[in-house]
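Please follow this explanation with the coordinates open, beginning at a single residue and moving on to a sheet.

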Amino acid sequence: PAALREQVLADVSWENVWLRGGALHDRPVDGAVAVHWPRLGPAQWAVLRAGLQQGRNVPADEAAARWEVALKAAFAALLADAATLLPILAAATGYSEAMLAAALGGEELLGAGALSRAMAYRPTWSVARRWETMPELPGKIRFFPAGPARGLASLRPHIPLFRPAPVTDLALGYAAGNVPGTALLIALLGALANQASAGSYAPAVLVRNSRHEPLLAAQALNAIEAADPELTAGVAIMIWDYADGALQAELMRSAGLMIAAAGDETIGALAVQRARAPRCRFHAHGHKASFTVIEDPTPESARLAALDSALWDLNGCLSARIHFVAGDVEAYGRHLADAMRELATRIPRGTTPRRFVHRAFDSYTAMGAGTNQTQVYSDYDEDFAVIVDRRPWDGDRFRHTVNACQGRVVVVRPVGDALEAAHMLRWLPSANLQSVSASLGQTSGRLFADAAGAAGVTAIRPLGRAAFPQLAYSWDGLLPLDVAHVRPAGHFTTIEFDAV
């Protein structure tokens, strides 16, 4: 926060890195963005943490509404400064300016008042038995209990599912990767950790940011600080080393909530460290994959689905890797390739290596020689690959295909119906399933939602919206309510639109 910089940053040492295309360099490189991080010593950490506690002046029950207002103003300010911001983000992350503009201009993170309404939701155990609605929000929600909690739904349908979490003085966050904005999302959720406790104040929030995308959260928080300085007076975005065991232990002992969005290896290491601080609740968001399911495809559904696979070049967990299609897959393959070709011009790919496209083209062309089991609908030198794969699949082949879909490589899988797609999703561990963008009939859509939710899918979105999750709904099975409450083990699945 601005009020703490002079005293915290006096006499600090600095870590200097140069970012280009998502890669870190320890010396200047042409076209790179120079980033300077303060490296705090024990005394400076003490000053920072004390200052963050003194900055806690936002009543907890006002936090969600005030963050919504401030975020809207902040993103308007960022978009107004896009001519300056986007080239820097593009140089640092490796994503094209057009892609970043499309993502940041989606304005889908928060609908007007949606977060406040989501935080006011009070589900009972009946939501574990059927799809229900959240007040004044589109779509449906269902809870899938895990472990011993599975037997409770039929016994206690009218008992509240959540209870308030203990009040915490500190919410701790960890952000990784180069998809912009993860640290900002974690900071926002951490600030809501005391929302269920009347008379309390929002906690201090300390986020260990990613070295690969340090820019957007800082710019957004500066804009939020200009709109509502009290919101950010207790928020700091820093770096420190995971291997600093003493600092990690002290922070985790002080925190009541820890939110991490990182790779599975980092999540596992944090879980081991957090075991020494059992009162610190841990919301982990690890590596996951998303998909598309379409019945009766049309050229328009192919255009929308192409956007779901083009944004973030299939690097992020939200991008749809495999398209399950019940209908004319040959026509869909042609229409999808046409749409991906158009997007390659309008939203160019980033610096993701082209070897993924070349490898897919070569291998699937060879597999399809003399048969109709695989068919490639793109050319070798294009910025994408669209492949229809009719071969018999088992779990191993499915997992291999999911991993091959990188850098705008999209595989189309013919299925008899949506339930066949849901069955295949069970070949992945439930912890690695994230979202599905879908276009389904009303009856088949509800059956698919039941089966996909039970398999571990946590969000079902309309076509074209996979890269634009709304914060009021499930993020990896957790609702915004989860940051301020505790409940039995399990995950929520949300349908983020009214027509299934």
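This is a predicted model: local features need pLDDT of at least 70, side-chain atom pairs count only at pLDDT 80 or more; totals for chains, interfaces and linings use all residues.

Residues are numbered from 1 along each chain as its sequence is written, and side-chain values use heavy atoms, with hydrogens and water left out.

Ser309 belongs to helix H12 (residues 299-310); helices (H or I, at least four residues) and strands (E, at least two) are DSSP runs, numbered from the N terminus. Ser309 counts as buried because its relative accessibility is 0%, the classes being buried under 20% relative accessible area, exposed over 50% and partly exposed in between (1.4 Å probe, protein chains only). Its side chain makes a polar contact with the side chain of His323 at 2.8 Å, a polar contact being a pair of N or O atoms within 3.5 Å; within protein, one must be able to donate a hydrogen and the other to accept it, and residues adjacent in sequence count only if both atoms are side-chain atoms.

Turning to the sheet, five strands form an open arrangement in the order E8-E7-E6-E9-E10, with parallel pairing, and two strands pair if DSSP finds at least two bridges between them. Strand E8 (235-238) and strand E10 (281-285) stand at the edges, each with a single partner strand, so one side of each has no neighbour in the sheet. Strand E6 (residues 170-175) and strand E9 (residues 257-261) pair in the parallel sense over five bridges, and Leu172 stands opposite Met258 in E9.
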